[in-house]
Structure formats: structure tokens, C-alpha cells
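Subject: Structure handover and notes

Hi,

Here is the structure I said I would pass on. Have a look at it first, and then read on.

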Amino acid sequence: MATAPSAPTALELTRITGRIGAVVHGLKLDGELPRTTVEQVRAALHAHKVLFFRGQHHLDDASHEAFARLLGHPVGHPTVPAADGRYVFELDATKGVRANNWHTDVTFVPAYPAASILRAVELPPYGGETMWANTAAAYRAMPAALKVFAEQLRAVHTNDFDYAARLGLRPELAENREVADLFRQVFVSTAFKTEHPVVRVHPVTGEKTILLGAFTQSLVGFASDDSRELIALLQRFVEKPENTVRWSWQVGDVAIWDNRATQHYAVNDYGDHPRLVRRITLDGDVPVGVDGVPSRLLEPAEPPRVAGIVPAAELEALSH
């Protein structure tokens, strides 16, 4: 007599903090995971916002991408095409790529990534940790009056800014000017501006999340000084320690985060030592505010036809 298949085993998880982060034990990531396991990973991701997997040394770029395809549709960076045609985006500290600011990935386009999958390849002997913040918890912690105010706000996000200032570089030094010029050349090959709601509704969980971070340039309808102060006020709720988790990397670690409900910060405290990580992002959706109004692309008027970038004329249809 044939034996009935056993029920799928739930993921073995250890929560790291009260509001964000969990370690998944005993799971080898690859492109052959059963559908039930993938759904459990997805559910855990929505619940804990960021998941960590130790010991994934077997992954290379191809198997990293194969696993990513189980969770969604990989998408390339809007301005940095992969050299080999794959979707892996390399962050190499020796080339000046240090994301040491609070940000949500690629919010300068309308349908920014739904999730990111990051793999540690080479690490410094100390430092180089990454922090994540739960932007849904940050919204919930805001006073009721501030929630009502924030839900009415729209913000402009852009990839076109002063890279020397953003990276904390001294522009009077030639080598710093070179780094800033490199960032501008690479990341602003096309300059984007997108208007997003400051509070978006998560399409899966229904949670309200704060949509800000380093790509935020200004608030619509406010003078620049007022914009900066209001953005800083709202951002402080995101960065409160109780909404964050800090991860100490080991080579072979993988982190997956819900990019629609988090911000993250790569701590730049390791001097000139190498730090190499590789990331794949999954295509997202056009955010919708509490009022039901979707995000819209402001610039360029004729955007490239790549995933994550949606012409303004198509946004209304996509939101229905």
C-alpha cells in the first residue's frame, strides 16, 4: 500500500528582536525547493520583514538567481546593467560602493523592488554589519495625529543628488572627487524622479508602511527647509532602535528582506578592508497610498522599458 505524503514541516525560526528579523535554520537555498517551503519562506518574510540564512556557501550567481526566481521575478538595476546579462548586482566596497545611509532599494522608480536577496561573498575582519528597520512598526508607533498628517503627504524620490555629500566625502580631495564622479556616472546614467505616497499600503499584508529613505528629495507642496524638517521627523520613527535589527555577517550568509516594509543601512566601519556582497532584487508593484492614489513617474518623460519603471500614463490602469 502506498504511503500518503507527510505534511510539510514548518520552518524552524528564531526571532532576533521583538519587531523585526528572524533566522531560518536548516534550510539549504536553491532553485529546487518545494512550493510549500517557498510559501513558508514568503509568509515568514512578510511576518518578520527580514530573514537570515547561515551557511549558504554552495550558492553561486546562477543558483542565487534560481532561488530568487522561486520567490518572484528578478529585475535588473535601472541604471547599472549586469555585465554578464544576469540579474546579480555586485556591491564592492573597494570600488567605493558603500550604502551607508538608511534607504529602501531603488525607490526612485515607481514599481521599486518587492524584495531583495543579498549574499555575503567576502567580508572585512571586523565591522561591515547591516541594519534593517521595520517601516510598518514605525508607522504603528507614530501618534494618531501624525499618522493622519503623514497619510496625506507625497514625496519626490530621485537618484540624482550630491554624491560627495551623501557619501560623507570631502570634495576638496582629488580621490574623493573621483569616487563621487564615479557614483554619478554609474548611478545617474538616467536621472529618475518619482512621486510616492509617504504612507503606502502593503499589497500582501495590508499594513501601512512609511515610504521614505535616502532617495527622498522633498515633500510635494512644501518649501525645501520645511521638507527637510518634516522628512527628518518621520524618518526618526523608522530609525528608533526598537524598530531595528543589526546583523553580523559571515561568509555564506543570505539575507532576504521585504523591501516594501523596510529600510536598511550598511554600516561603514571597516576602513579600507574589502567587503563584497551580491544582491538580486525582485520586481515590485506600483505603491498606492491610503487614499488609493498610486505613485507616478515624473522624470524622464520617456522612460526606458525595463521592469520597475512604468510610464505615468500606465499607472492608473496598473493600480486597478
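Below is what I found in it, going from the whole chain down to single residues.

Please keep in mind that this is a predicted model. The protein has 320 residues, and 52% of them count as buried. DSSP runs give eight helices and 17 strands. If you take the contacts between residues at least 6 apart in sequence, 83% join residues at least 24 apart. The accessible surface comes to about 14800 Å², and carbon and sulfur atoms account for 53% of that.

Strand S3

S3 has a parallel partner in strand S2 (residues 22-25), and two bridges join the pair. In that pairing Ala22 stands opposite Leu51. Together with helix H1, S2 and S3 make a right-handed β-α-β unit. S3 is also joined to S14, this time antiparallel and through four bridges. There, Phe53 faces Val254 of S14.

Helix H2

H2 covers residues 61-71, and its buried residues are Ser63, His64, Glu65, Phe67, Ala68 and Leu71. So what covers them? The cover includes helix H1 (35-48) along with strands S4 (74-75), S6 (115-122), S14 (254-258) and S16 (276-282).

The three-stranded sheet

There is also an open sheet of three strands, in the order S13-S7-S15 and with antiparallel pairing. Strands S13 (244-247) and S15 (262-266) stand at the edges with a single partner strand each, so one side of each has no neighbour in the sheet. From one strand to the next the twist averages 20°. Five bridges link S7 (residues 130-134) to S15 in the antiparallel sense, and Met131 stands opposite Tyr265 of S15.

Two residues to look up

Is Ser116 buried or exposed? Ser116 sits in strand S6, and its relative accessible area is 0%, so it counts as buried. The side chain of Ser116 makes a polar contact of 2.8 Å with the side chain of Asp105. Leaving aside neighbours within four places in sequence, Ser116 is in contact with Asp105, Ala255, Ile256, Trp257, Arg279, Ile280 and Thr281.

The other residue is Pro78, found in the loop between S4 and strand S5 (89-92). Why does Pro78 count as buried? Its relative accessible area is 17%, and buried means under 20%. The C-alpha atom of Pro78 is separated by 8.2 Å from that of Val106, and these two residues are 28 apart along the chain.

That is what I have for now.

Best wishes

Key:
Residues numbered from 1 in each chain as written. Predicted model: local features only at pLDDT ≥ 70, side-chain atom pairs only at ≥ 80, totals over all residues. Heavy atoms only, no water. Buried < 20%, exposed > 50% of the residue type's maximum accessible area, 1.4 Å probe, protein only. Contact = heavy atoms within 4.5 Å. Areas by Shrake-Rupley, 256 points an atom, 1.4 Å probe, with all protein chains shown as cover. Pairing = 2+ DSSP bridges. Right-handed = clockwise from strand over helix to strand, strands pointing away. Axes fitted to C-alpha atoms, helices over the stretch in contact; angles between N-to-C directions. Polar contact = N/O pair within 3.5 Å; in protein donor to acceptor, adjacent residues only side chain to side chain.
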